[in-house]
Amino acid sequence: MASEDVKASESAVTTIVSLAEEAKLAREGVKAPSLAILSICKSLVAGGVAGGVSRTAVAPLERLKILLQVQNPHNIKYNGTIQGLKYIWRTEGFHGLFKGNGTNCARIVPNSAVKFFSYEQASKGILYLYQQQTGNEDAQLTPLLRLGAGACAGIIAMSATYPMDMVRGRLTVQTEKSPYQYRGMFHALATVLRQEGPRALYKGWLPSVIGVIPYVGLNFSVYESLKDWLVKARPSGLVEDSELNVTTRLACGAAAGTVGQTVAYPLDVIRRRMQMVGWKGAASIVTGDGRSKAPLEYTGMIDAFRKTVRHEGFGALYKGLVPNSVKVVPSIAIAFVTYEMVKDILGVQIRISD
């Protein structure tokens, strides 16, 4: 009888232990995906905030850059950064400086979110393959590998949000005297779809993708490599407790943006010009065929390069570079630092809530 009681007790204990282990495994099984989802959301939110803040801060320069890129060379209205900004202010007022920024933010927020998230995931994947190939589990990403991860991130983000970028370009260059008015992003999307077809939303996609490889790739590569070098070199006053101060990180971002945009800028000009193709009256804004007012036409990226250089000279490929440089330096710097700061803030809040 006693032995039966002992067996019953052992059975009960075993059952309790089994239930406890199952509960533990269940908790761990739920916790891991939850943390993964939180990490993804944190990265996406931080990237989106970084894009919105950085782009709004330089919206007037962004608009002026596009106007310089596509303006008719025989009807010059914008002769430089200061003159161009004054002209916009005088003819269109304060609102004119931020025209197209709402559409731009509607594009750049998801673009930036996808870009930063894709870079993190691509970096992890590339680092894992690199460590497996070298057999060194302590290996770190090289500048070239970071360039590859950044290029992947740029291609994914650009492709995912390109239609919004296309209509944003048209919204930005239209003025009160433009022959056709788009009332907003959704009206522009609907009008382009109706009048030009769905393929029109991806006009200029190829030079955009080609340009985004060195642009985004170099941005991430230069920024991360500069940070690593400074942390290891530890120059006086720039590193605090193995962390770079905000000013130093801003400088790293500015350097990264300057290198990337200088290399990729001609492709950005061609992209904008190709986006104008098919827009009724666009020839009054930009022309690639001398003084002709015939509808603007390019058969492709190479043709756009050829016509632009033939009729306007090689310098036309760098129209708007100065305001773009003034814009890119703070924009990229703000984006990187904002991303890191928002991630840190969200990380603290998540730990507190846990």
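The stops below cover the cavities and the residues that line them.

This is a predicted model, in which local features need pLDDT of at least 70 and side-chain atom pairs count only at pLDDT 80 or more, while totals for chains, interfaces and linings use all residues. Residues are numbered from 1 along each chain as its sequence is written, and side-chain values use heavy atoms, with hydrogens and water left out.

A search of the whole structure gives 3 cavities of 30 Å³ or more. A cavity is a set of points, on a 1 Å grid over the protein atoms alone, where a 1.4 Å probe fits but cannot get out; lining residues have an atom within 4 Å of a point. Points are joined across faces, edges and corners, and a volume is the space filled by probe spheres set on them.

**First stop.** Select Arg-55, Met-158, Tyr-215, Val-216 and Arg-271, which lie nearest the centre of the largest cavity among its 39 lining residues. This cavity holds about 550 Å³. Next, select H7 (205–233), the source of the largest share of the lining, 8 residues. Helices are DSSP runs (H or I, at least four residues), numbered from the N terminus.

**Second stop.** The second largest cavity has a volume of about 60 Å³. Select its lining, including Ala-59, Glu-62, Arg-63, Asn-101 and Arg-168. H2, H4 and H5 each give two or more residues to this lining, and the largest share, 3 residues, comes from H2.

Note on methods: 1 Å grid on protein atoms, 1.4 Å probe; cavity = no way out; pocket = protein on both sides within 12 Å on 5 of 7 lines; lining within 4 Å.
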